[in-house]
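I set out to record what I looked up in this structure, entry by entry.

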Amino acid sequence: MTEQYLHGTAPEEQGRLSLLNRLINDAALRELDVQRGERIVDFGCGLGQLSRAMARAAGLRVLGIERNGEQLAECARLAAQAGEEHLLELRQGDASEPPIRPEEQDHFDLAHARFVLEHVRDPLAVVRQMAQAVRKGGRVVLQDDDHDTLRAWPEPPGFDPLWRAYIRTYDRIGCDPYVGRRLVSLLHEAGLKPKRCTYLFFGSCAGDPSWPGLTDNLAGLFTGAREAITAILAPQEFDGAMAALQQWARRPDAALWYAISYAEGVKP
């Protein structure tokens, strides 16, 4: 098993991921610029909200690949609840050994992965699989985190040690919390021609309608990884920092700055 997801698949975590999707999918779709008729495979589709949005834009069913069976079941449930099960073909499998049939290689117009590479020990193996899946001239799009871009201001007491401990939970299991800065290099190493890179802003300030959802997502991120974080940071420090974070979220001058790395390459 190559994926090392820290947060588990409890209903609370699935709720956090669903909220996260609602906060960032519009910006992601603008950058993806999906065209009608594009054949798409989504590596690590998770709960499938973005997969379904890409399918609506393309007018074709998207192939969604997800390792975790619980996530895949919830993805199917959410699609059925929305009356959109026809938009997805779901397959269970690892992103580094995806269940793509031989006749489907060199077939897709777009291979996409978001928040996958930070959770695998060999990101290049995943990008190479994505490169194999697309046709000549097809696109590979990577969206992922570089955790060094986050800034909370005014900084809540104890936030920096909490964030640094969270980052260390990644490298302790052999994953890269800074993989976002490597995306263009990974495209190149996989034999693709890098086309462009940018940031997707993921931040807000008090008074913005997205603020409660964003701060709830941040708190949920830490809560879901509490066990791993408190192996590094003392539990009382964790609890103190979380209490300070809740107080900070109610400040009228609070702001959170973060950016998701986005890179796109073309198969020559």
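**Entry 1: terms and source.** I counted a salt bridge where a side-chain nitrogen of Lys or Arg lies within 4 Å of a carboxyl oxygen of Asp or Glu. The model is predicted, so I took local features only at pLDDT of at least 70 and side-chain atom pairs only at pLDDT 80 or more, while totals for chains, interfaces and linings use all residues. Residues are numbered from 1 along each chain as its sequence is written, and side-chain values use heavy atoms, with hydrogens and water left out.

**Entry 2: salt bridges.** I looked up the total and found 23 salt bridges in the structure. Side chains of opposite charge can pair when their charged atoms come close.

I first examined Arg-196 and Glu-31, whose side chains form a salt bridge at 2.9 Å, N to O. This pair links distant parts of the chain, 165 residues apart: Arg-196 belongs to strand 7 (residues 193-201) and Glu-31 to helix 1 (residues 11-32). For these elements I used DSSP runs numbered from the N terminus, with helices (H or I) of at least four residues and strands (E) of at least two. Arg-196 is partly exposed, with a relative accessible area of 29%, and Glu-31 is partly exposed at 23%. My classes were buried for under 20% relative accessible area, exposed for over 50%, and partly exposed in between (1.4 Å probe, protein chains only).

I then turned to Arg-181 and Asp-146, which meet in a salt bridge of 2.7 Å, N to O. Here too distant parts of the chain are linked, 35 residues apart: Arg-181 sits in the loop between helix 5 (159-171) and helix 6 (183-189), and Asp-146 in the loop between strand 5 (134-144) and strand 6 (151-153). Asp-146 is buried, with a relative accessible area of 6%. I also noted that salt bridges with shared partners join Glu-31, Glu-38, Arg-139, Lys-195, Arg-196 and Glu-264 into one network.

**Entry 3: Lys-267.** Is Lys-267 buried or exposed? I found Lys-267 to be buried because its relative accessible area is 18%, under the 20% limit. Lys-267 lies in the segment after strand 10 (259-266). A polar atom of its side chain is 3.0 Å from the backbone oxygen of Ala-131, and one is 2.8 Å from the backbone oxygen of Val-134. Leaving aside neighbours within four places in sequence, Lys-267 has contacts (heavy atoms within 4.5 Å) that include Asp-106, Arg-135, Gly-138 and Leu-192.

**Entry 4: the second largest pocket.** I looked up its volume, about 170 Å³. Of its 13 lining residues, Leu-23, Ile-24, Ala-27, Phe-201 and Phe-202 are the closest to its centre. Helix 1 gives the most to this lining, with six residues. Helix 1 and strand 7 are the elements that give two or more residues.

**Entry 5: Ile-232.** I located Ile-232 in the loop between helix 8 (226-229) and helix 9 (235-249). Ile-232 is partly exposed, with a relative accessible area of 22%. Beyond its neighbours within four places in sequence, Ile-232 is in contact with Ala-165, Arg-168, Thr-169 and Arg-172. I noted 43 Å between the C-alpha atoms of Ile-232 and Gly-138, which are 94 residues apart along the chain.

**Entry 6: pocket terms.** On a 1 Å grid over the protein atoms alone, I took a pocket as an open set of points where a 1.4 Å probe fits, with protein on both sides within 12 Å along at least five of seven lines; lining residues have an atom within 4 Å of a point. Grid points are joined across faces, edges and corners, and the volume is the space filled by probe spheres set on the points.

Conventions. Polar contact = N/O pair within 3.5 Å; in protein donor to acceptor, adjacent residues only side chain to side chain.
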